[in-house]
Amino acid sequence: MTPLSHTLQQENPAGTADFLPINGTDHIELYVGNAKQSAYYYQAAFGYKLVAYAGLETGQKEFASYVLQQDKIRLVLTTPLTPESGINQHLMQHGDGVKVLALWVDDARRSFEETVKRGAKPAIEPTVLRDNHGEVIISAIHTYGQTIHKFVERKNYNGAFLPGYQPKSSNFEIKPVGLKYIDHCVGNVELGDMNKWVQFYEEVMGFKLLITFDDHDISTEYTALMSKVVSNGNGYIKFPINEPAKGRKKSQIEEYIDFYHGAGVQHIAVATDDIIFTVSELRRRGVEFLYVPDTYYDDLFERVGTINEDVETLKKLNILVDRDNEGYLLQLFTKPVQDRPTVFFEIIQRCGAKSFGKGNFKALFESIEREQELRGTL
Ligand code: FE2
């Protein structure tokens, strides 16, 4: 262990060193059917700027990849260029979906060794990538479904994204919507698998269990699910894991698993400091959100107390509010962003609250059930 890596280790409350120090989310890579058109959607609708590209023009003959950025959030949209590419199999099975949850680390070799030693299934051995902007070391391990965690060490690199990518800018004016960073990424796993994956994050990645929601916390008249939230040492990375629970009708998690054909990322929550501006802009640009009936707002004041936002504005934009003992939060879920009812985004503004909107679960799930009803999948 070098003195440098030692100083970077974080001490957890128990006083033991974190064997997997993580600086934050490096990027999220989605495999999509048409990266060029998806990149336009995320630029025009969500206000991400194009910053880098790999494809035929850069000498990449297997896939095309667009790197989009807004504040600290980096999305990578990748599509195969040939029938032989392994990306096709992923697309055929899952449709558009998240392949990589990449974590920014100071030592990608050690991250790989420590997690593999604890039982992680290797996906990419530590590899040094170089170009004239320096070098990046990447490695990766498998998590639920066909999703992987890439460890990205980029302290000796100053290029646009990774070696092999060239800088590329949007060819029209991009207006950001105030998205700042990834708040949490949620995985859906098969019935009975939630505890297995919680254990994976605890034992293999050194995460801690933060919160448990059982089917009494998350149920409506018809459907139910269970969820546990794990978080890394410094709390920058939060991964809730959902599994379906028995209800009278098919839960949204089962619907996801049916259409995704297995476990995968359900939603990515992105934080804003001004949800009223963010959601107004997203709606104006055509992003679709879940609908919650006006009656949700009838007892809002009794439920959450005083908030800084105007309730009529929140009602007009259909923004939800919840309070915990540290403060409150405002949140809203998009509808799925592809034709299969799988991946969607959450927009969240935290005003002190560190929780996940438990008070909104029922309203949200009833809203999802209305969508399921329309899809014939309830
Ligand atoms: Fe969420």
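Helices (H or I, at least four residues) and strands (E, at least two) are DSSP runs here, numbered from the N terminus. Keep in mind that you have a predicted model open, in which local features need pLDDT of at least 70, side-chain atom pairs count only at pLDDT 80 or more, and totals for chains, interfaces and linings use all residues. Residues are numbered from 1 along each chain as its sequence is written, and side-chain values use heavy atoms, with hydrogens and water left out.

**Stop 1: the whole chain**

Start with a cartoon view, where 10 helices and 17 strands make up the secondary structure of the protein. The radius of gyration, 21 Å, is close to the 21 Å that the globule rule gives for 378 residues, so the protein is as compact as a globular protein of that length. That radius is taken over C-alpha atoms, and the globule rule is 2.2 Å times the number of residues to the power 0.38. Along the principal axes, the C-alpha trace spans about 60 × 50 × 40 Å. Of the 378 residues, 54% are buried; buried means under 20% relative accessible area, exposed over 50%, and partly exposed in between (1.4 Å probe, protein chains only).

**Stop 2**

H267 and E346 are both buried.

**Stop 3**

Now move to the loop between α9 (311–317) and β15, where you will find N318. N318 has a positive phi, near 65°, although this residue is not a glycine. Is N318 buried or exposed? At 4% relative accessibility, N318 counts as buried.

Step along to D322, in strand β15 (residues 320–324). D322 is also buried, at 8% relative accessibility. Beyond its neighbours within four places in sequence, the contacts of D322 (heavy atoms within 4.5 Å) include R303, Y328 and N360.

**Stop 3: D71**

Finish at the loop between β3 (63–70) and β4 (73–80), which holds D71. D71 is another non-glycine residue with a positive phi, about 50°. At 44% relative accessibility, D71 counts as partly exposed.
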